[in-house]
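Hello,

Here is the structure I promised to pass on to you. Have a look first, and then read on for what turned up in it.

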Amino acid sequence: MRIVVTGASGNVGTALLRALRRDGYWQVTGVARHLPDRSRPPYDVAEWVACDVGEPEATDRLAEVFAGASAVVHLVWAIHPARDDPPMQRTNLAGSRHVLAATAWAEVPHLVAASSVAAYAAPDRWTRVAEDWPCEGIPHSAYSRGKVTFERMLDEFAAGHHDRTVARVRPCAVLQHDAGGEFARWLLSPLLPERVIGQSWLPLPWWTDLRLQVVHAQDVAAALRSILVRGASGAFNLAAEPVLSGADLARPFGGGPRIPVPRAAGCALAGLTWRLGLQPLHPGWLALADKAALVQTDRARRVLGWRPERDAREVLDEMAAGLRAGAGTGSHPLRPLARAGRLGLGRPTHQSQA
């Protein structure tokens, strides 16, 4: 079975390559803007094509790569791009249009795409939603609005190509140890050395009604593999148990005093320090964390036989260890953390999520 994976060098893509590498019978072509170190596993399992899916001419290039494939797994998404990266919408929306157009032209029979729980409208705070909940997004999050648009693109593709099988996964926050360097670049100010994470004296600001779901990247990869093996269609929520509280989130990251901070005040402070380039986290991420839907995973368990191997607290502990280590792999998105040059010197280091 020959499959093409766009964004194969990223967080989920790396985990999927690991899953497919263990099977030993897949023929995999990886597509990435920056090619990984192909001498290092799991990147050695694939043939590689360098392609920026957001480029205007990318459709023709992708169609050539997709020709003859049994499935395309579309994982490209600029989640929290740096200031000097290509514009977020160019990669995410224009790039996805190019991937869908190339998939249609190459007559690939199975399309599997990565969406997100961020696409869902905000329900009541502790309500868990199934895959039929409206994909109307969180207004103050660019990431959420982008996933809403992507969901509509997938709906249009499925409606216009009844002879194709279209599946999408909607995971919550996808974490793993080897993404520690990537998440440190997204989350941590250079004024806070990553080695202090988890120290017993470290005070942590939080709001008391925070709740969050997480899932390990390898468990997402297991769901993708099952979709490919079974030729499954439709949407699948992915999350580990249990739902995490603010106290659960604080435990692996610092043992010092918990400082209650109203969400509005936290967002205002994050916005100011983001604009000054003192830290990379735009307040749009806090709005998403506060409003994102909690999801049921019954359909993935029933249709795919999916069971996450790691519970949510284990995933969080592993992520904290990865952040402390600035962990990474041989790919550009998952490269280990380098501290130099991360202050913004009066302007944001990362693109706006407003």
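Strand S7 (residues 165-171) and strand S12 run parallel and are joined by 5 bridges; strands count as paired if DSSP finds at least two bridges between them. Within that pairing, Pro171 has Leu238 of S12 as its bridge partner. Strand S12 itself (residues 234-238) is mostly covered, with 4 of its 5 residues buried. Buried here means under 20% relative accessible area, exposed means over 50%, and partly exposed is in between (1.4 Å probe, protein chains only). Helices (H or I, at least four residues) and strands (E, at least two) are DSSP runs, numbered from the N terminus.

Before going further, please keep in mind that this is a predicted model: local features need pLDDT of at least 70, side-chain atom pairs count only at pLDDT 80 or more, and totals for chains, interfaces and linings use all residues. Residues are numbered from 1 along each chain as its sequence is written, and side-chain values use heavy atoms, with hydrogens and water left out.

Strand S2 (residues 27-32) is largely enclosed by the rest of the structure, because 5 of its 6 residues are buried.

Now to the core. Which residues touch the most other members of the largest nonpolar core? They are Leu62 and Phe66, in a core of 111 residues. A nonpolar core is a set of buried Ala, Val, Leu, Ile, Met, Phe, Trp, Tyr and Cys residues joined through side-chain atoms within 4.5 Å. Helix H6 (residues 217-230) supplies the largest share of this core, 7 residues. Leaving aside neighbours within four places in sequence, Phe66 is in contact with several residues, among them Arg2, Val4, Val72, Val99 and Val108; contact means heavy atoms within 4.5 Å.

Helix H5 (residues 180-187) is another enclosed element: 7 of its 8 residues are buried, so the rest of the structure largely surrounds it. The buried residues include Glu182, Phe183, Arg185 and Trp186. Their cover includes helix H1 (11-23), strand S8 (173-175) and helix H11 (312-325).

The aromatic side chains are worth a look too. The whole structure holds 5 aromatic pairs. One of them is Trp77 with Phe150, a tilted pair at 5.6 Å centre to centre and 50 degrees between the planes. Rings of Phe, Tyr and Trp (its six-membered ring) pair if their centres lie within 6.5 Å; planes under 30 degrees apart count as stacked, over 60 as edge-to-face and the rest as tilted. Trp77 lies in the loop between strand S4 (71-74) and helix H3 (88-105), and Phe150 in helix H4 (residues 142-160), so the pair ties together parts that are 73 residues apart in sequence. Trp77 is buried at 14% relative accessibility, and Phe150 is buried at 0%. The charged end of Lys147 also sits over the ring of Trp77, 3.8 Å from its centre; for this, NZ of Lys or CZ of Arg must be within 6 Å of the ring centre and within 35 degrees of the ring normal.

Finally, some backbone details. Most residues other than glycine have a negative phi, and most peptide bonds are trans. A cis peptide bond joins Pro41 and Pro42, with omega about 5 degrees, and another joins Glu241 and Pro242, with omega about 0 degrees. Glu107, in the loop between H3 and S5, has a positive phi of about 55 degrees and is exposed, with a relative accessible area of 60%. Leu345 also has a positive phi, near 55 degrees; Leu345 sits in the segment after H11 and is exposed at 79%.

Best wishes
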